[in-house]
Amino acid sequence: MCLFDGVYTEILFYFVGSWLHCGYHLTTSIVAPALLSLPFAFALLGWVGGVLCLVVSALVTFYSYNLLSLCLEHYADLGQRQLRFRDMATDILGPAWGRYLVGPMQFEVCFGAVIACTLLAGQSMKFIYLLSTPDGTLKLYHFVIFSGALTLVLAQLPSFHSLRHINLISLILCLFYSACATAGSIYIGNSNKAPIKDYSVNGSMQNRLFGAFNAISIIATTYGNGIIPEIQATIAPPTKGKMFKGLCVCYAVVLSTFFSVAISGYWAFGSQANGNVLVNFMANKKPLVPSWFLLMTNVFTLLQVTATSTVYLQPTNEVLESKFADPKLDQFCKRNVIPRLIFRSLTVIIATLIAAMLPFFGDIMAFFGAFGCIPLDFILPMVFYNVTFRQSKRGLVFWGNTLIATIFTVFGVLAAISSIRQIVLDARTYKLFADM
């Protein structure tokens, strides 16, 4: 049985949040600027495949996150409140699952999200720079370093609960930049500057097949969360029913943003949709929309993606600081502040270095989706629920959960192969610290 590792874990999460705060955290962790890659995923799948995957992923993740919440509520009723994904795996499946599979997998997802967010923030900064200085000499990796420095400051916020106001602002910002991305795509699609609309999925049968699984990984990452237990751990007891309300808030935003950005972006740019649709708003370093509009969109994106990276730093912070901090002392005492400063700074610095070295946003999304988001968000919740509530093998729920877990296990394996293949192919074209 996994109980709290000590006072420090309680300090990091706190147990005083409301269901509305939970909605803010969920929205920031799911409705992130990764959604700007959805038109690119559509370009790999086509209209039918893209819309179908987007709808199925929405239904499955909403269902799976509710299953996780029900499992967490069940253990809380038994007096065994679980705070982390690895706690759930340890209690439900055994210590080896938590320590050697789920724990490292979640760490990979969270750290990967920080890398992707740092890269995307750098791309937004570069767009802003090119608007004012079209012939500027600064490269993408310079801006990635700048965005890393901004994340470094926000990373010092001591707890998940302390992010609630930032995440409310983040929720508003994601609505703004999604509306801007949608409006910009429609504007360009209707202008004489629009590219020739080609919605065919190009390439050989092999390339189209691998591309489809790569797209599934990207969509899975976009819907991915990986920190549902950590978010539910911020809620004040009793927790029953609060997570469902928070998820309803989140998915109201999900439906209004994901579908509008994906459909408008693919409609406007077709098979030429970039891994970040905002890149399509520029052609030959000249904006295809009014400069003020592009500036506003990238500022919204930059601010929101920084909040997202701060959210995903929290589980990483907890892993490191629970080992090096003293839970018996105040969180703001010198003994705890110094390790927090050192390890959080080191985490951000390493993530920034990787983002600057490997600026392939679409590839990073697909890789972490295949190896982290699909198992954590599409497979394990079904397994946890069946084991926790000991569903009858004759029941519809048991076989429904088993079918979902089996299908996405197959997709996960194929998507993992596809994402690695795509990285290898791109590695032949791009170089380290590429200016993309």
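## A charge over a ring

Let's start with lysine 197, which lies over the face of tryptophan 267, at 4.8 Å from the ring centre. A charge sits over a ring when NZ of Lys or CZ of Arg is within 6 Å of the ring centre and within 35 degrees of the ring normal.

Before going on, keep in mind that this is a predicted model, where local features need pLDDT of at least 70, side-chain atom pairs count only at pLDDT 80 or more, and totals for chains, interfaces and linings use all residues. Residues are numbered from 1 along each chain as its sequence is written, and side-chain values use heavy atoms, with hydrogens and water left out.

## The whole chain

The protein chain has 14 helices and 2 strands. Both are DSSP runs numbered from the N terminus: helices are H or I with at least four residues, strands are E with at least two. The C-alpha atoms fill a box of roughly 65 × 55 × 40 Å along the principal axes.

How much of the chain is buried? Buried residues make up 56% of the 436 residues. Here, buried means under 20% relative accessible area, exposed means over 50%, and partly exposed is in between (1.4 Å probe, protein chains only). As for contacts (heavy atoms within 4.5 Å), 84% of those with a separation of 6 or more are between residues 24 or more positions apart.

## Aromatic pairs

A pair of aromatic rings is described by the distance of the centres and the angle of the planes. Rings of Phe, Tyr and Trp (its six-membered ring) pair if their centres lie within 6.5 Å; planes under 30 degrees apart are stacked, over 60 edge-to-face, and the rest tilted. That rule gives 20 aromatic pairs. In one of them, phenylalanine 176 and phenylalanine 300 are tilted, with 5.3 Å centre to centre and 40 degrees between the planes. Phenylalanine 176 lies in helix 7 and phenylalanine 300 in helix 11 (residues 291–324), so this pair ties together parts 124 residues apart in sequence. Phenylalanine 176 is partly exposed at 41% relative accessible area, while phenylalanine 300 is buried at 17%.

Another tilted pair joins phenylalanine 213 and phenylalanine 411, at 6.2 Å centre to centre and 50 degrees between the planes. Phenylalanine 213 is in helix 8 (residues 205–223) and phenylalanine 411 is in helix 14 (residues 396–429), 198 residues apart. There's also an aromatic cluster made of Phe42, Trp47, Tyr199 and Tyr266.

Cysteine 180 sits in helix 7 (residues 164–189) and is buried, with a relative accessible area of 7%. Leaving aside neighbours within four places in sequence, cysteine 180 is in contact with Phe281, Phe293, Met296, Thr297 and Phe300.

Serine 57, in helix 3 (residues 38–77), is also buried, at 7% relative accessibility. A polar atom of the serine 57 side chain lies 2.8 Å from the backbone oxygen of cysteine 53. Not counting residues up to four places away in sequence, serine 57 touches Ile219, Tyr223 and Phe378.

## The nonpolar core

A nonpolar core is a set of buried Ala, Val, Leu, Ile, Met, Phe, Trp, Tyr and Cys residues joined through side-chain atoms within 4.5 Å. Which members of the largest core touch the most other members? Of its 117 residues, they are Tyr223, Phe258 and Phe384. Helix 5 (residues 95–132) gives this core its largest share, 17 residues.

Technical notes
A polar contact is a pair of N or O atoms within 3.5 Å; within protein, one must be able to donate a hydrogen and the other to accept it, and residues adjacent in sequence count only if both atoms are side-chain atoms.
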